[in-house]
Amino acid sequence: TEALAALDDEVSAGPLVLSVLPSFAGRWLIPRLAHLTAREPDIHVQVLADRRLADLSDRRIHAAIRFGASPPADLAATALMGDTIAPVWAPALLAQYGQVSRVADLAHLPILHDSSVEGDPSGTGWASWLNHVGAPDVRLPAGQRFSEPSLALEAAVSGVGVALARASLIGADMAAKRLVHLALPVVPSAYRYYLLCLPEMRDDPRVARFRAWLLAETTAAADVDWARPASDRREGAVAAH
């Protein structure tokens with residue numbers, strides 16, 4: 001019909017519309033968009049930041065990037081990368097408190113909490129991290145609480161306290177020494193990042209070219225330097241997607 005043809009024309013032209021988690025959009029994707037422009041100058045993206053997975057069935061949103069245990073069965077999925085988690089803080093706090101190498105010492109530090117991951121199976125919350133490092137009985141201070149990972153990380157950069165950070169979200173802050181890693185274990189998350197789209201959109205030229213660029217970027221970003229000695233590394237912490 002004419003209506004369907006018009007919709008197909010709308011889908012095949014214009015920007016690539018992406019639904020992305022707010023934290024990943026602001027701290028990973030947007031800082032790399034210049035790389036996309038250099039490689040694919042005629043692809044323009046419209047980023048819709050939302051914690052909920054968008055309904056892709058009407059084809060007005062072409063693809064989504066999500067962090068999960070497994071992709072929805074009804075969508076075409078491309079595994080991008082895993083993640084690692086460790087405590088970080090601002091250099092000013094390191095200067096104030098000195099290096100911390102015992103998990104139990106966290107009980108005496110200002111702690112930042114990301115309420116969005118508490119109780120979920122991602123393995124990116126404090127309780128999951130403490131279990132993973134064999135210290136489930138350590139009681140952390142109540143501290144400040146935030147509804148988004150990016151907010152907790154901004155508070156950490158500002159010297160408010162210690163945040164439990166995903167490597168994917170702090171690359172620029174670590175490189176610029178706005179955040180430094182406490183001498184505590186780095187552990188893998190239970191989730192991975194996925195690029196999702198409808199099966200019929202898998203071969204859309206914009207989706208295909210964006211996917212190729214995204215795979216190249218995530219592969220390049222897979223090895224995160226936590227600025228820690230080799231003896232403190234946990235094998236298999238980072239996986240390329």
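This is a predicted model: local features need pLDDT of at least 70, side-chain atom pairs count only at pLDDT 80 or more; totals for chains, interfaces and linings use all residues.

Guide: Residues are numbered from 1 along each chain as its sequence is written, and side-chain values use heavy atoms, with hydrogens and water left out.

Visitor: Why is Leu75 called buried?

Guide: Buried means under 20% relative accessible area, exposed over 50%, and partly exposed in between, with a 1.4 Å probe and protein chains only. Leu75 has a relative accessible area of 14%, so Leu75 is buried.

Visitor: What does Leu75 touch, not counting residues up to four places away in sequence?

Guide: Contact means heavy atoms within 4.5 Å. By that rule Leu75 touches Leu53, Leu56, Leu196, Cys197, Leu198 and Pro199.

Visitor: Where is Leu75 placed?

Guide: Leu75 is in the loop between β3 (63–68) and β4 (76–81). Strands are DSSP runs of E with at least two residues, and helices are runs of H or I with at least four, numbered from the N terminus.

Visitor: How do you know that β1 and β3 pair?

Guide: Two strands pair if DSSP finds at least two bridges between them. Strand β1 (residues 16–20) is joined to β3 by 3 bridges, so the two count as paired, and they run parallel.

Visitor: What makes β2 and β4 edge strands?

Guide: The open sheet has 5 strands in the order β2-β1-β3-β11-β4, with mixed pairing. β2 (45–49) and β4 each have a single partner strand, so one side of each lacks a neighbour in the sheet.
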